[in-house]
Each structure stands twice: as structure tokens, then as C-alpha cells.
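Hi,

Here is the structure I promised to pass on to you. Have a look at it first, and then read my notes below.

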Amino acid sequence: MSTTYIARDSATMLKRNLLHVRRYPSLSIMLVAQPILFLLLFVYVFGGTLGAGLPGQAGGGDRGDYLVFITPGILFLTVASVALGTAISTATDMTTGIIARFRTMNIARLSVLTGHVLGAVIRTGFAVVIVAAVAFGLGFRSDAGPLGWLGAIGLLMLIAFALTWLTVGMGLAADSVETASNTPLFLMILPFVSSSFVPTDAMPAGLRQFAEYQPFTPMINTLRALVTGTRTDSDLWFAIGWAALIALLGYLWSRRLFLRVPAK
Amino acid sequence: MTATRPAIEVSGLTKSYGDHTVLAGVDLTVPAGTVYALLGPNGAGKTTIVNILSTLLAPGDGEVRVAGFDVRREPAGVRAAIGVTGQFSAIDELLTGRENLRLMADLAHLDRVTATTAVTVLLARFDLVDAADRRAQTYSGGMKRRLDLAMTLITRPRLIFLDEPTAGLDPRSRRQLWGIVREQIADGVTVLLTTQYLEEADQLADRIGVLDRGRLVAEGTAAELKRRVPGGHVSVQFTDAAGLFAAAAAHPQASTDVETLTLQMPSDGSIAGLRRVLHDLDDDGVAGLTVGAADLDDVFLALTGRAAEAPAAEDVPA
């Protein structure tokens, strides 16, 4: 009978999750501040030099060109940052007594996790809008139409959904909240070894192959195409495929961790 | 589940972690509409039994049926019938009392009107109206426990588990909670209660099972158990350690507490028995004297021949 109530129980747990966010806003603020700081750092500290190295412009580009180049990567970092926070909030939640109560109730078993994931996707939506607004404030302009932006937001939501199932699993697997705040850090590091901040052509062989084939690169390339108004190519299907695969594995892993009979 | 079917049927239940046996074959039957107390010290296996009965923990061997459902094969049926208040507060501290209750009402799939009414009624009944819109983390221990119990009851379970419901509460909160539990009993709800206090079992339960090292060593009504420990105990507090040790040597059956310089001796409750104890004592070496009614320690001593202590150096998982 519990399957009948998956949607309703998940909605209830989402409500709980959003109340938590309202009661504990500092974590959300920190998670949005992170990508904004990276954006400012890269544009104003490194942007002049790195912009000059961008291909495709006569005599290299400038700071403004670099802002356009890295905005998709920063939007991706925003998603990763919120996902990282979900590992922490899931691990924290698991230490509270109410989880045991949920387990003794006849409710959709995974609804508490679904609440975390849906809450994170909604938070990501807000965070992406804030970060994009900052990028516009700094002078980001492109030929992208509403359709491009809509596509970008859709893809970002999909990526958020995928990465969050993964970080929920990390939160469940962590033996402490501290561990949970460390394990997902690679989500913040991997985008640096991709096409986010510099074109992969500039990397030495080996690293370049890694950067070209790692799952985040097609996601970032597609985002770049969508927000700069250029054509998406086969990267789009790789981006969607990778996101779907990460979501599925993250879900199955989280499910297994949550449903295993507690050892204690 | 038919009306005559017991709410809880347990036979031959075992549970162990590696070499460490927590439950060594427990048989337990709780008829519907009655209150059963599991009495025992820390580490006796009380919480393990509650966790197995409430589907939190898989049983080892044995048959376990709760509300007519097999805990292994039909956990959803069990969960639909039960409510659990554990010894660690199962409330959401970031939410207010009202939101906590509403969360439970929503998860119990009550409709909007019923849920709102139930929340209002329970807040009033559990004396939480003034605190209803404050975060639960600001509540006192007694308030948290009341909220916890209210959350358990909002789903109207037919069977509730109360795992040491008054542990750590002051006497006033304890009595208040007992009052609430009694109202439930009057409504015909079946209760399985665990406690370390004979008085609590005495106050609430129809039958009491004494649990020791994973085994039920005695079962009966409070009166039946107390008949086996007629007199309680005499405690003598000494002014110095020398006096304590001298008296301890003279009364080998007594338990010694060096920190408080107290010697506790079993007593049969008779004047003659009390006189025998006092005979050996000097007025100037004694700081205080208490004659106490039978408590769990006395029951334990009488039933097992040793003091009610958790097995040494074995930190039994919750």
C-alpha cells in the first residue's frame, strides 16, 4: 500500500526539506556564495591573462570574452555546490532520531531521500538564477534566445537531479557529517579538469584526454552552446546520457544504503 | 487481525551480533488492549526487542508477529498498526511543535481538515499550545517527550511501543507522561513499555516481564513480582570509608558504593530484620539511614542473585 503514496509522501518530505532550508539559511547562502566567489576570482584575477589565451579571437580575447567563456562552467559549479550541501544535510538528517521514526511508519520508504533531492533541485534553480544574474551584472552578454536559456536551465536541473542522488548516497555512506562534507569535494574539483576554465587543447596529453572524456565536459560544452547561442552538437546527447547514468547509479546506491537493515 | 488475536506474539526470539548474544530466546505474548512492561537494566535487551517488533531491526531466529503480521514478511502491515516512542527523541528539532505534528498527520495521509483538528487537539492535550509555534529544539526535555508521544499518537495506532518513555525526566514530567499513557490505555490501545523503574511498570502495566541478559527471568503482575522481594532495602551512609568497609565485611550480601560511602542491604521489611542491621552500627560513624521500598535492584537481586548492572565492558548496541 505504501507505493500508492509515493508522490504524496515525497511532497510531504519536500515540504519538510524546504522548512529546514528556511530555518537554516546560512548553509544555502554559503553554497551560492561559493560559485560567485569563483566567478569574481576568475574574471578579475585571472581573466585578463586567461582571456588573452582564448582561441578564435584575433590577438586573443579580453576579460569580457573570458567571462562569457567561463559562465557555463560557473553555472555547473553552482549545481555541484548545492549538491555538495545535500551530502551534508542528508548526513546530518540521518543522525537525528526522527529518521528511525520514519522507518517505523507505513510510508513510501525512500520519500525522505526524495524530499532531499527535490529540495536540492529547487534550491539549485534559485542558485542558478542568482549566479546568472551576477554574471549578467558583470557584463555577460550573448546571442542566446529564451529557448537557449530554457534549455540550459533544463539541463542544469537534470544535472542537479543526477548529482544530488549521488551526494545523497555519499551522505548516507558517510560515518559522520564531517566525512559527508569532504567526500563530494571532487564534484567541485573535476570541473577544473574539463573545458570549464580553459580550452582542453591547452592541456598536456593524458590530462587532455581525461578532460575531454570525463562526464562533465559534454555537460559544460552543451551549456556553453546553449547560453552563448551557438549550435549544440553530439555533446548534448552525451550530457543527457551521462546525467541519466549518474542519476540512476546514485539512486540505486542511495536506495541500497537506506534500505539496508541497520547494523546497530 | 481478529479481536482475540494477541497484539504481540513472540516465540523463541534470538538476536546476536557475532559472538555477542543480545537475546537468548524470548517468548512473549501481549493480549490486545493490555499493557506489558519489560523491566530490566541497561543492556538486558529491552531496546533490541522493541527495535525488532517495530521493524527497525531484523530478528535472529524465532517467530515474531505484531498485530497479526509477520515482522519479516509483512513489515508494512506491522508499520501501519504501530506507533513508536523511543528513548531518544524522534522529533524534528528544526520544525515547530505544530509542524512536527502536521508532518506526522500528512504522512498518515489524513485529509486537511482532519489533520488540522488532530494537531489542535493534541497540542492542547499535551500542554504544548503556548510552545506550538516555537522550534522544538528550544523545548525542555519533558516537552520534547510529550511532543514525541503526541507524534506517535496522531496516527491513532492500535499498538504503541514506549521505550523508556520517562528516562531522564524530572518527577513532575514523569507523572504527567504517565497520565497521558493511562488515557491511551483507557482508550483500549495496546502498550509495550520498557523501563528500568519498577515503580513505572507498577504504575502502568498489567503484566511485567523481567529481562536479564536477553532472557525473561520472571513474568507476572506487579504484585506477584513484589511478593518475591518482600522488604526492599536499608541504605546506610557512613561518615568515612573505614566505617563503610568494616560494615561491608560484616554484610557480604550488601552492595557498596564507595563514592557516596553508602552500603545497601536487602531487608525483609520486618522490625527484627532492621534491628539486626542496626545492631552492628555506631551512631558516630553513620551519616544517614534510609529504608527503601523494593526497587528494580531488589527485584533483580531476588530473581538473579546479583545486582542489576549492565554486563561489564559490553556496550550493547541500541
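Helices (H or I, at least four residues) and strands (E, at least two) are DSSP runs, numbered from the N terminus. Counted that way, chain A has 11 helices and zero strands, and from the N terminus on its elements read α-α-α-α-α-α-α-α-α-α-α.

Two notes on conventions. This is a predicted model, where local features need pLDDT of at least 70 and side-chain atom pairs count only at pLDDT 80 or more, while totals for chains, interfaces and linings use all residues. Residues are numbered from 1 along each chain as its sequence is written, with chains lettered from A and ligands numbered from 1 in the order in which they are written.

The C-alpha atoms of chain A fill a box of roughly 65 × 35 × 35 Å along the principal axes. Of its 264 residues, 44% are buried (20 or more other C-beta atoms within 10 Å of the residue's own, with C-beta atoms placed from the backbone).

My favourite part is α10(A). This helix covers residues 216-228, and 12 of its 13 residues are buried, so the rest of the structure largely encloses it. Among those buried are Phe216(A), Met219(A) and Leu223(A). The cover includes α3 (63-94), α6 (146-173), α9 (207-213) and α11 (235-259) of chain A. After α10(A) comes Gly229(A), with a positive phi near 75°.

Finally, the two chains meet: 23 residues from chain A and 26 residues from chain B take part in the contact (C-beta atoms, placed from the backbone, within 7 Å). On the chain A side, α1(A) gives the largest share, seven residues.

Enjoy exploring!

Notes: The expected span of a helix is 1.5 Å times one less than its number of residues.
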